[in-house]
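Please read them with the sequence and coordinates open.

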6 protein chains.
Amino acid sequence: MSHGYESGRLNLPFVGISTFGKRPYQPDWDRLEADVAVLGAPFDFGTQFRAGARFGPRAVREASTLFSFGHAGAYDHEDDCTYLGSDVRIVDIGDADIVHTDTMKSHANIEAGVRAILRAGALPVVIGGDHSVNIPCINAYEDQGEIHILQIDAHLDFVDERHGVRYGHGNPMRRAAEKPWVTGISHYGIRNVSSTAREGYEAARAMGGDILSVRQIRAMGVREAAARLPEGARVYVTLDIDGFCPSIAPGTGTPSHGGFLYYEVLELLQEVANRHEIVGIDLVEVAPDYDHTGGTAILAAQVLLNLLGFVFHARGQRGV
Amino acid sequence: MSHGYESGRLNLPFVGISTFGKRPYQPDWDRLEADVAVLGAPFDFGTQFRAGARFGPRAVREASTLFSFGHAGAYDHEDDCTYLGSDVRIVDIGDADIVHTDTMKSHANIEAGVRAILRAGALPVVIGGDHSVNIPCINAYEDQGEIHILQIDAHLDFVDERHGVRYGHGNPMRRAAEKPWVTGISHYGIRNVSSTAREGYEAARAMGGDILSVRQIRAMGVREAAARLPEGARVYVTLDIDGFCPSIAPGTGTPSHGGFLYYEVLELLQEVANRHEIVGIDLVEVAPDYDHTGGTAILAAQVLLNLLGFVFHARGQRGV
Amino acid sequence: MSHGYESGRLNLPFVGISTFGKRPYQPDWDRLEADVAVLGAPFDFGTQFRAGARFGPRAVREASTLFSFGHAGAYDHEDDCTYLGSDVRIVDIGDADIVHTDTMKSHANIEAGVRAILRAGALPVVIGGDHSVNIPCINAYEDQGEIHILQIDAHLDFVDERHGVRYGHGNPMRRAAEKPWVTGISHYGIRNVSSTAREGYEAARAMGGDILSVRQIRAMGVREAAARLPEGARVYVTLDIDGFCPSIAPGTGTPSHGGFLYYEVLELLQEVANRHEIVGIDLVEVAPDYDHTGGTAILAAQVLLNLLGFVFHARGQRGV
Amino acid sequence: MSHGYESGRLNLPFVGISTFGKRPYQPDWDRLEADVAVLGAPFDFGTQFRAGARFGPRAVREASTLFSFGHAGAYDHEDDCTYLGSDVRIVDIGDADIVHTDTMKSHANIEAGVRAILRAGALPVVIGGDHSVNIPCINAYEDQGEIHILQIDAHLDFVDERHGVRYGHGNPMRRAAEKPWVTGISHYGIRNVSSTAREGYEAARAMGGDILSVRQIRAMGVREAAARLPEGARVYVTLDIDGFCPSIAPGTGTPSHGGFLYYEVLELLQEVANRHEIVGIDLVEVAPDYDHTGGTAILAAQVLLNLLGFVFHARGQRGV
Amino acid sequence: MSHGYESGRLNLPFVGISTFGKRPYQPDWDRLEADVAVLGAPFDFGTQFRAGARFGPRAVREASTLFSFGHAGAYDHEDDCTYLGSDVRIVDIGDADIVHTDTMKSHANIEAGVRAILRAGALPVVIGGDHSVNIPCINAYEDQGEIHILQIDAHLDFVDERHGVRYGHGNPMRRAAEKPWVTGISHYGIRNVSSTAREGYEAARAMGGDILSVRQIRAMGVREAAARLPEGARVYVTLDIDGFCPSIAPGTGTPSHGGFLYYEVLELLQEVANRHEIVGIDLVEVAPDYDHTGGTAILAAQVLLNLLGFVFHARGQRGV
Amino acid sequence: MSHGYESGRLNLPFVGISTFGKRPYQPDWDRLEADVAVLGAPFDFGTQFRAGARFGPRAVREASTLFSFGHAGAYDHEDDCTYLGSDVRIVDIGDADIVHTDTMKSHANIEAGVRAILRAGALPVVIGGDHSVNIPCINAYEDQGEIHILQIDAHLDFVDERHGVRYGHGNPMRRAAEKPWVTGISHYGIRNVSSTAREGYEAARAMGGDILSVRQIRAMGVREAAARLPEGARVYVTLDIDGFCPSIAPGTGTPSHGGFLYYEVLELLQEVANRHEIVGIDLVEVAPDYDHTGGTAILAAQVLLNLLGFVFHARGQRGV
C-alpha cells in the first residue's frame with residue numbers, strides 16, 4: 001500500500017504530536033533501529049549576540065509536519081522521483097539533556113546521543129542549538145574513520161581561544177580542524193565581519209581549510225564548488241542556517257546579509273550527496289523567537305528532508 | 001525516589017518532545033492505561049471571527065513543559081500540598097484526525113477519542129480547537145450517566161440554528177442542553193454582545209441554565225458561585241479560554257474584555273473539584289497565532305495542571 | 001423583523017468592508033442623516049514618543065466588526081436590555097483629510113468634519129489619531145452652547161507652550177480650558193510623570209479642573225466620581241486609550257502602568273450617560289502597530305459601542 | 001483634470017475607508033456598472049495547515065491604499081505609460097457571505113458574486129480566501145465560453161478526493177480540469193512536496209496540464225513560458241500567493257521555499273496580458289496573521305493593480 | 001532654573017542616546033561621582049526556559065527614556081511631590097563584560113562593577129540579565145555590613161545544587177541565604193510550581209526566610225507585609241519582573257500567572273523605602289524578545305525610577 | 001596592539017551602551033575631533049503612509065553593535081582587506097533635537113548638526129528619520145562646494161508642492177535639485193507608482209536627473225551604473241532603505257517590491273567610493289516597528305559600516 005488514506009487517518013500537517021516528520025519517537029537510545037536518527041541539541045549558551053536557538057529543535061520538528069501529508073514518500077516532479085519512501089526508517093530520539101550554566105556537561109550529553117546513533121548504525125541528524133553543538137558531534141566521530149567537513153555558514157567560526165572561551169559558537173571549526181580524524185574543511189558561504197579576525201582566516205587556510213564566499217561560489221557554480229571536495233571523502237555536513245540569506249532565514253541569532261538562496265544550497269547538497277557518502281548532519285542556529293512567520297524553521301525542515309532524500313536516493317543508486 | 005535528579009536527566013523545561021506535561025505518548029487508543037488521558041482536537045472550522053485554534057493543542061502541550069522541572073509532583077506552598085505525584089498516571093494520546101471542509105467527520109473522530117478514553121476508565125481532557133469540539137465530547141458521554149456542565153466562557157454559545165449551522169462554535173451549549181444525560185448547565189462568565197441573541201438567553205434559562213456574568217460572580221464570591229451547582233452532580237467542565245480577561249488570555253479568536261482573572265477561575269475550579277466528581281474536561285479556543293508572548297497557552301496549561309491536581313487530591317481526600 | 005438571518009446574509013464578523021460597526025458609509029458630508037456620525041481623524045504628528053495612531057481609525061473600524069453578528073441591536077443580559085436597536089441610525093463618514101507636515105491644515109479638516117456632523121444634528125464620534133485631534137473637535141463646538149469635558153486619560157495634557165508647540169498631544173486640555181464655551185474639565189485617571197510639569201497641574205486646577213487619579217477614583221467609587229461632574233452639564237467625553245491599564249490597552253504610544261480596568265471606565269461612562277446629555281465623543285491614541293493581539297482596538301470598539309448604547313438608552317428613558 | 005490635488009483632498013494612503021484601491025463601494029450587486037469588480041471571498045475552511053486567509057480580502061484592500069496617492073492613473077517610468085487612468089472603472093462589491101462549517105453554502109455565495117459580475121459585463125477579480133474559492137469562481141464561467149487557466153502556485157492542487165474531501169484547497173485544479181469549458185491548465189511555479197501525490201501529477205498531465213517548476217521557467221525565460229499558452233485562448237488567472245518566494249510572501253498558510261521573485265511573475269503576467277484576453281482573476285491564500293510586516297498584502301495589491309493596468313492597456317492597444 | 005526648555009533642547013523621549021533616564025554615561029568606573037550608579041548585567045546563561053534577558057539592560061534603558069521629558073524632576077500629583085530633582089545625581093556606567101559559556105567569569109565581572117559603585121559611595125542599581133546575576137551582586141556586599149533581602153518574585157529560587165548547578169537562576173536566594181552578611185530574606189509573591197521543590201521551601205524557612213504568596217500579601221495588605229521586615233534593617237531589593245502578573249509583564253522567561261499588580265509592588269516599595277535604608281537594587285529577567293508591546297520594559301523603568309524617587313525622598317525626610 | 005582581548009574586555013555585541021558601532025559618544029558639538037561623525041535625525045512627520053522612522057537612529061545604532069566584536073578593524077576575506085582600522089576615528093554625536101508638530105524647527109536642528117560636523121572637518125553620516133531629513137542635510141552643504149547626489153531609492157521623491165507641502169518625504173530630491181550647489185542627481189532604483197506623478201519625472205529629467213530602475217541597472221551592471229556619475233564629482237549619498245527589496249528591508253514605511261539585493265547596492269557603493277570623493281551620507285526610512293526580525297536595521301548598519309570602510313580605504317589608496 002503506497003499510502004494510508006483509504007484506511008486510517010488523513011493526518012493533515014497541523015494534526016498530531018510534533019516529532020521530526022511525524023516519525024516515531026524512540027526515547028530509549030539503546031534500542032535504536034533506524035536508518036536515520038534525529039537528535040535535538042537545545043543548547044545556546046555559546047551565542048555571542050541573540051540567544052534562543054535552544055528552541056530550535058522544537059521549531060524545526062513542528063515545521064517538519066508541514067511536509068507530512070500522509071503520503072508514502074515525497075514525490076518531486078522536477079526530479080521525477082519519490083524520496084524517502086517507507087523503506088527509509090527515520091526515528092526521532094528526542095533531545096540531549098542540557099544543564100544550564102554548564103557547557104561541558106551539556107556538550108557531553110550531546111556527544112553521548114550521537115555516539116548512541118552511530119553505535120546503532122544510523123545516520124545522525126542533530127538539530128541545534130547554537131553552532132557550538134557541532135563540537136560534541138565531531139567528538140563522537142573519534143572512532144568512525146576519517147571525515148571531511150562541509151560547513152555552510154556566514155561565519156568562519158575559527159576562533160581558537162579568547163578570554164578562555166574555546167567551546168562557544170565562534171569556535172567549532174577550529175576545534176574540528178584540530179581533530180586527527182578531520183581531514184579537511186570546506187568553509188562555504190563565509191562573508192562579512194564576524195567574531196573570527198584575520199588571524200583566524202589565516203589559521204583556517206593553514207590547517208587545510210577551503211574558504212569560499214557566496215559570491216565566489218555563485219561565480220563558479222555549485223557544481224564546481226561541490227567538485228572541490230576531496231574525491232572519495234566521507235562527508236559530514238554542518239549547516240548553520242545563517243549561511244542562507246536573511247530574506248529566507250531571519251530566525252537566527254546573527255543574521256548576515258548576502259547569503260545563499262534556497263536552490264544554491266539545495267543543489268550543492270544534492271551534488272555532494274551524489275558524489276559522496278554523507279556520514280553525519282547537523283543543522284544549527286534556528287532561533288524561533290526571531291522567526292515570526294515560521295519561514296526559517298520551514299526552510300530548515302525542507303532542507304533536511306530534501307538532503308535525507310538525496311542521501312538515500314544516492315545510496316540506492318550506488319546499491320548500498 | 002521522589003525525583004530523578006541524582007540519576008538520569010535534569011530535564012529542563014525547554015528540553016524534549018512536547019507531549020502534555022512531558023507525559024508518555026500513547027498513540028494506540030486501545031491500550032490506554034491511565035488515570036488521565038489528554039486528547040488534542042485541532043478543529044477550528046466552527047469559528048465566526050479569527051481562526052487558528054487548530055494549533056491550540058500543540059501550543060498548550062509546548063507551554064505545559066514549563067511546568068515540568070523533573071520533580072515528582074508539584075509542590076504548592078500556599079496549600080502546603082504536593083499535587084500530581086507519581087501515582088497519578090497521565091498519558092497524551094495525540095490528536096483526533098481532522099478532515100478539512102468536513103465538520104461532521106472531524107467531530108466524529110473527536111467523539112471516538114473521548115469514547116476510547118472513557119472506555120479505558122480514564123478522565124478525558126480534551127484540548128481544542130474551537131468550542132464546537134465540545135459537541136462530540138458531550139456526545140461521548142451518552143452512556144456515562146447524568147452530568148452537569150460547568151461552562152466558563154465569555155459567550156453563551158446557545159444559538160440553535162442559523163443559516164443551517166448547528167455545529168459551529170456558537171452552538172455547543174444548545175446542543176448539550178438537548179441531551180437527555182445533561183441535567184443542567186452553569187454558564188459562568190457570560191458578558192457582552194456575541195453570536196447568541198436575546199432569544200438564546202431566554203432559551204438557555206428555559207432549558208435549565210444558570211447564567212452568571214463575571215461581575216455577578218465577583219459580587220457573590222466564587223464560593224457561592226460554586227455552591228449553585230446541584231449537590232452531588234457529576235460535573236463536566238468546559239473551559240473556553242475567552243472566559244478569562246484578554247489581559248491574560250489574548251491568544252484567542254473572539255476576546256471579550258471584562259473577563260475573569262486567574263485566581264477567580266482557579267478558586268472556582270478548586271471549590272468545584274472539592275465538592276463534585278469531575279468526569280470530563282475540555283479547554284478550548286486557544287489560538288496561538290494571537291498569543292505572541294505565549295502567555296495564553298501558559299495560562300491554559302497552568303489551569304489544566306492545577307485542575308487535575310485538585311481533582312486527584314480531592315479523590316484522595318474522598319478515598320476514591 | 002428583528003434581524004436578517006432567515007433572509008439575506010449571515011454576515012459573520014470577518015466578512016465585509018470595515019466601516020464602523022459595518023454601518024453605512026456616507027462620504028458626502030452635506031447629506032448626513034443620522035443620530036451618530038463616526039469620523040476618523042488619522043493624525044499623529046503631535047506625538048512625543050511612539051507614533052502610529054494614524055492607523056487608529058482603521059483598526060477600530062476593523063475591530064468593531066467583531067460586534068456585528070447581524071443581530072438587530074445588542075442584547076446585554078446583565079442589564080437585560082437591547083442596545084442600539086435599528087432605531088439608532090449610525091453612519092461612518094470616513095476620515096478627515098490629513099496633510100503631512102502641516103498640523104494646522106490637518107486640524108482644520110478635522111474641525112470641518114465635526115462641524116458638518118453637528119450641523120446635521122448628529123452626535124459626533126471622532127476616532128483618533130493622537131490626542132491633539134481633540135483641539136479641532138472642541139473648536140467645532142464654538143456655537144453649540146456650554147460644555148463640560150470629561151477626560152479619561154493617564155496624562156494631564158495641560159502644557160501651554162514649549163519650544164513654540166501649542167497643538168501637540170500634550171496640549172489639548174490647556175487649549176480646551178481656554179475656550180469660553182468650556183465650563184470645566186474633569187481630568188480622570190491622571191497618574192505618573194508625563195509631559196505636563198508641576199506648573200501644568202497648578203494651572204489646570206486654577207482654570208477649574210478636577211484632577212483625580214485612578215487610585216483616588218477607585219477609593220471613592222465610580223458612582224461618586226461621576227457625581228462630581230456639575231449637575232445638568234452637557235458633557236463632551238474625550239477618551240485617551242492610555243487611560244486604561246496597559247494590560248488591556250498596550251497598543252498606544254505612551255502606555256502608563258496603573259490605569260483603569262474595563263468595568264471602571266464602562267460603569268463611569270454608563271453613570272455619566274444616565275445623568276448627563278452627552279454631546280460629543282472622541283477616542284484617541286490607539287496605535288495598532290503596538291497592538292499585536294488586536295485587544296486594544298477591540299477595547300476601543302467595545303467601549304464606544306457600549307457608550308453609544310448607554311447614550312441612546314438614556315435618551316429613550318428621558319423621552320428625548 | 002488629471003488629478004484632484006488643487007481642489008479637494010490630498011488623500012494620503014493612510015486616510016480613508018479601505019476599499020480596494022479606495023475605489024467606490026457598491027454593495028448592490030444588481031447595479032454594477034464597472035469595467036472591473038472586486039469581490040472578497042473570505043473562506044478558509046479548506047486549508048490543510050495554517051488558516052487565516054479569511055482575513056485576506058481585508059488585508060489586501062488595506063494594502064492597496066498604499067498605491068492610492070490621489071493621482072489619476074499610475075505612471076510607470078519604465079514603461080513610460082500611465083496605467084489605470086480614470087477611464088477604467090473599478091468597483092469594490094464587498095465580500096461573498098460565508099457560512100461557518102458549511103463549505104458548499106459558502107462556495108455557492110462566492111459563485112453568485114462572480115456570476116453577478118459577469119452578468120454586468122465586468123472583469124471579476126476575486127480575493128481569497130484559500131485556494132478552494134477558485135472552485136466556485138470557475139463554476140461561474142459555465143456559460144462564458146471556453147477558458148484556459150493560468151495557475152501560479154507552489155502546489156499542484158490536483159487531489160481528486162481523499163477522505164471524502166473534494167472542495168478543499170488541495171482540489172481546485174482537479175475540479176477545474178473536469179469542467180467542459182476549461183480547455184487546459186498551465187500549472188506554473190509548482191515545486192516541492194505537497195498534498196498532491198505522484199498520481200495527481202500524472203492525472204494533471206493526462207488531463208492536458210502543462211506543469212512547470214520555478215527553475216524550469218527561470219531556465220526558459222518568462223517570455224517562452226508565456227508562449228506555451230495556447231494561442232488565442234481566453235485566459236483566467238488564478239494566483240496563489242505561495243507561488244512567490246516566502247522571502248516576499250511569508251504571509252500565507254503553506255509557504256514553500258524556492259518560489260518566484262517579483263519581476264518573474266510581473267513580466268509573465270504582462271506578457272500574457274499582451275497576448276491574451278484575460279477574462280477573470282483570483283488571488284488567494286494571503287493570510288495576514290503571518291504577514292507581520294504587511295509585505296505579502298502589499299505584494300498582492302501591487303501585482304493585482306499592475307495586472308489590471310496591463311489588461312486594460314492591452315485592451316486599449318487592441319482597440320477593444 | 002527648574003528645567004531646560006526655554007534654552008536648549010526640547011529633548012522628547014524618542015530623541016537621543018539610550019542611557020538610563022538619559023542620564024550621563026560614565027564608562028570609567030574609577031571616576032564615579034554620583035548618588036546612584038546604574039549597571040547593566042546582560043547575562044542569561046542561567047535560564048531554565050526562555051533566554052533573552054541579556055537584552056534586558058538595553059530594553060530598560062530605552063524604555064526609561066519615555067520618562068525623560070526634560071523636566072527637572074518628576075512631579076507626582078498624587079503625592080504632590082517632585083521626585084528625583086537635579087540634586088540626585090544618577091549615572092549610567094554601562095554593562096559588566098560578559099564571557100559566553102563562562103558563568104563564573106561573567107559573574108565576577110558583575111561583582112567588580114557593584115564593588116566599584118559601592119566604593120564610590122553610590123547606590124547600586126543593577127539591571128539583569130537573569131536572576132543569577134543577583135549572586136555576584138550579593139557577593140559584593142561582603143564588606144558592607146549586614147543586609148536584609150526583599151525578594152519580589154514568582155519563584156523561590158532556592159535550589160541548592162542540581163546536576164552540579166549552583167549559580168543558575170534557580171539558585172540565587174539559596175546562595176544569598178548562605179552569606180553571613182545576609183540576615184534574612186523576605187520572599188514575596190511566591191506562587192505556583194517552579195524549579196524549587198518542597199525541600200527548598202523547607203530549607204528557606206529553616207534559614208530564616210519569610211515566604212508569602214501574592215494572595216497572602218493581598219489579604220494582609222502591603223502595609224502589613226512591609227511591616228514584617230525586621231525593624232531597622234538595611235534592605236537590598238531584588239525584583240524579578242516575573243513577580244508581576246503576566247498581564248503587565250509578559251516579557252520574561254518564565255511568566256507565572258497570578259502575580260502582583262502595579263500598585264501593589266509600588267506601594268510595598270514606597271512603604272519599605274520610607275521605613276528602611278535601601279542599600280542596593282537589582283531588577284532582573286526582563287526579556288525584550290517576549291515583550292512585543294514594550295510594556296514590560298516600561299514597567300521595569302517606571303518601577304525603578306519611582307523606587308529611586310522614594311529612596312531619595314525618604315533620605316531627604318530623614319535628613320540624610 | 002591590534003585588539004583588546006588579552007587585556008580588558010571581550011565586549012560581545014550584546015554588551016554595552018548602543019552608540020553607533022559602540023564608538024565614543026560626543027554630545028558637545030563644538031568639540032568634535034573625528035573623521036566621521038554620526039548624527040541621528042529622528043524626524044518622521046513627513047511620512048505619507050506608515051510612520052515610525054523616528055526610532056530609526058536607535059535601531060540602527062543597536063544593530064550596529066552586532067558588528068562590534070572588539071577587533072581592531074573589520075577583516076573582509078573577499079577583499080583580503082581590513083577596513084575601519086583604529087586610524088579611522090568615528091564618533092556618535094547623538095540626535096538632533098526634534099520639535100513635534102514643527103517641521104521647520106526640527107529640520108533646522110538637523111541642519112545645525114550637519115553644519116557642526118562639516119565645520120569640524122568630519123564626514124557627516126546622518127541616520128533618519130524619514131527622507132525629508134535629507135532636505136536640511138543638503139542645506140548644510142551651502143558653502144561646501146558643488147556636489148552630485150546619488151540617490152538609492154524606490155521612489156523619485158520629486159514632488160514640488162501639493163496642498164502646500166514642500167518639506168515632506170516626497171519632496172527632498174526636488175528641493176535638492178533647486179540648490180545651486182547641487183550639480184545633478186542620479187536617481188537609482190526608482191520603480192512602481194508613488195507620490196511622484198508623471199510631471200515629477202519630467203521635471204527631474206529636465207533638471208538634470210538620471211533616473212534608472214532596478215531592472216535597468218541590473219541589465220547594465222553596477223559598474224556601468226557607477227560610471228554614469230559625472231567624473232570627478234564630489235558625491236553625496238542618500239540611501240532610502242526602501243531602495244532595497246522588501247525581502248531584506250521590510251522595516252520601512254512604504255515598502256516597494258522589486259528592489260535592489262544586497263550585493264547590488266554594496267558593489268555600486270564600493271565602485272562609487274573608489275571613483276569619487278564621498279562628502280556626505282544619509283540613510284533614511286528605517287522604521288523598526290515593522291522590522292520584527294531586526295534584519296532591516298542590521299542591513300542599514302552593515303551597509304553604512306561597509307560604505308565607510310570603502311570610503312576610507314579609497315582615501316588611503318588615493319593618499320588622502
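**Notes on the fold and the interface**

1. Helix H5 (residues 198-206) of chain A lies across strand S7 (182-188) and S8 of chain A, running at about 130° to S8(A). Helices (H or I, at least four residues) and strands (E, at least two) are DSSP runs, numbered from the N terminus, and angles run from 0 to 180 degrees between N-to-C directions of axes fitted to C-alpha atoms, for helices over the stretch in contact, where contact means heavy atoms within 4.5 Å.

2. This is a predicted model, in which local features need pLDDT of at least 70 and side-chain atom pairs pLDDT 80 or more, whereas totals for chains, interfaces and linings use all residues. Residues are numbered from 1 along each chain as its sequence is written, chains are lettered from A in the order in which they are written, and side-chain values use heavy atoms, without hydrogens or water.

3. Chain A has an open sheet of eight strands in the order S4-S1-S5-S10-S9-S6-S7-S8, with parallel pairing (two strands pair if DSSP finds at least two bridges between them). Strand S4 (90-95) and strand S8 (209-212) of chain A each have a single partner strand, so one side of each is left without a neighbour in the sheet.

4. The contact takes 28 residues from chain B and 28 residues from chain A. In chain B, Phe14(B), Ile17(B) and Arg58(B) lose the most area to chain A, together 35% of what that side buries (buried area being the accessible area, 1.4 Å probe, that two parts lose on being put together, summed over both).

5. Asp97(A) forms a salt bridge with Arg9(B), the closest N and O atoms being 3.9 Å apart, against a cut-off of 4 Å between a side-chain nitrogen of Lys or Arg and a carboxyl oxygen of Asp or Glu.
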